[in-house]
Amino acid sequence: MMSEQNEMALLREAILGDGLVEAVFQGAQRGAAPPWPRVAIRPVRIRQARHLQFAYFDGVQEVAKNYRGEEAGAKLDELLALPFKSIQAITAGETLRVQFSKKGRAILHRERRHQEQTIPLELAHDRAKPSLLPEDEPIPFLQALGVMTADGRVRADQQRKFRQINEFLRLIEETGELAELTERPVRVVDLGCGSAALTFATYYYLNEVRGIPATLTGVDTKAHLLERHRATAERLGWDGMRFQTARIIDYEADAPADIVLALHACDTATDEALARAVRWGSRLIFSAPCCHHHLQAQLAAAETPEPFRPVLRHGILRERLGDTLTDAFRAHILRLLGYRAEVLEFVAVEHTPKNLMIRAVHTGAPALPSLVAEYRAMKAYWGVTPFLEELLRDRLVAVLS
Ligand SMILES: C[S@@+](CC[C@H](N)C(=O)[O-])C[C@H]1O[C@@H](n2cnc3c(N)ncnc32)[C@H](O)[C@@H]1O
C-alpha cells in the first residue's frame, strides 16, 4: 500500500505537471474551516508563458491569481496543508481524487482514462479551455445530432455547437462536484431541453466518459421535437434517457433531480426551473437565462433612482440593466436559500445573444445577515420584486424575516 506521503506527492506532481486540466480543492474536514470553501487551479497562458491560475472562492466571490515555477509550487503546498475535504485533479490522462477519512487520513483514487478518452490540452490566450470530447474521433451521439460526420469530424458549420457542448461539460466538470454525487443513478432533469444537444452531451459525459450511472429527463412543450429525441435515444441504446412533453411548471417528476439544467429557457421559464430545483434540493443547477421581460416591466413602472436616469433613458441600456438585475436577483436568491451561486460567461448560441450562466451548488449554508441586507437594499432601491421571489416566497419568508 502506498504511504499517505507518497499519495500527496503524486497528487502534487499531477497538479504541477504539464498535463493538468484542472484541480479543485473543496469542502472542510470534520471540525475544520479552510479559509475558502473552494479553490480551483487551471493552467493559463499569459504572454506566451504557462502559468497556473489559482481561483480562490470565498463563498461570495472569486479572486484569481496567476503563479508560475517555484511560486506556483509554494502556493500549491499552502493549499495541500489546509484541511479541505476533497481534492480532485483532472489531467489529460487520468483523474486523481483525494478524500480524507474521519481521522483526516488521505485516501487517493486514480482513474486512468482509456486512450480514446484522453483530454486534448489546449491553452487559450489567457485561459485554459480543455476540450472534453475529442474533435477527431467518431462519437455516435454527435453523429446522430449532425454535429459530426460519419467519419468522426466536426462539421464546419457545427464548430460553434461543438465548442458550446465542450464548454458546457467543462462548466459541469470544474465544479468538482460530480464525485460528491453518491445517489445511483444520478438523476438529471433538463427543463426546456429544446433541440437537446446539451442534454445528450450531459447524458453521454456522465455515463460514458465519467462512468457515473445517470438518468436524464428532458422536458419541453414541443412534442414533435421530443418525439425525435426519443427515437435518437433509442437508436443510441440509451435507456436511461426520457423525454416528457410538459410545461416546466406542470412537470411531475417521480423523484427529485440531483442536477437541473435550464438552458436558454424563455423569460420566467428560467425562474420556474430554478424554483423547481430549489424545491427538489438539487445539488447542482446550471441555468443560462434567455430573454428577460418580467423585471423590465416593473423597472419601467417604478420610480427611476436619480443616479440611473441617464442609463434608463436609453431603451437598450434599460433592457441590459433589467437583464443584469434579473440575473443578480436570481443568483442572490439561490445564495439566500443555501446555494453557492456563481455567474459566469457561457458561449452565446444561435437562438439568443445572451452569454451568461448561473451555476449553483447546494451547500445548505445558512444565509448570512449581510446577504439578507443586500437583498433587501437591492429590492428597495429598484422598487421591484423578482419573479423567483414570488415562486419561492414560502422559502424566502423564513430567511428574510
Ligand atoms: C431557446 S430554446 C433552448 C433549448 C436548449 N435548452 C438549448 O439550450 O439549446 C428554449 C426551449 O425552452 C422551451 N420552453 C420555453 N418555455 C417553456 C416552459 N415554460 N415549459 C417547457 N418548455 C419551455 C421551448 O419550447 C424551447 O424548446
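This report covers a sheet, a helix and a ligand shell in a predicted model.

## Basis

The model is predicted: local features need pLDDT of at least 70, side-chain atom pairs count only at pLDDT 80 or more, and totals for chains, interfaces and linings use all residues. Numbering starts from 1 along each chain as its sequence is written.

## The sheet

Seven strands form an open sheet in the order S10-S9-S8-S11-S12-S14-S13, with mixed pairing. Strands (E, at least two residues) and helices (H or I, at least four) are DSSP runs numbered from the N terminus; two strands pair if DSSP finds at least two bridges between them. Strand S10 (241–245) and strand S13 (339–345) are at the edges, each with a single partner strand, so one side of each has no neighbour in the sheet.

Strand S9 (residues 214–220) runs parallel to S10 and is joined to S10 by five bridges. Leu216 has Met241 in S10 as its bridge partner.

## Helix H8

His294, Leu295 and Leu299 are buried in helix H8 (residues 294–301). A residue is buried if 20 or more other C-beta atoms, placed from the backbone, lie within 10 Å of its own, exposed if 12 or fewer, and partly exposed in between.

## The ligand shell

Among the 18 residues around the ligand, Gly192, Gly194, Leu263, His264 and Ala269 come nearest. A residue counts as near if its C-beta atom, placed from the backbone, lies within 6 Å of the molecule.
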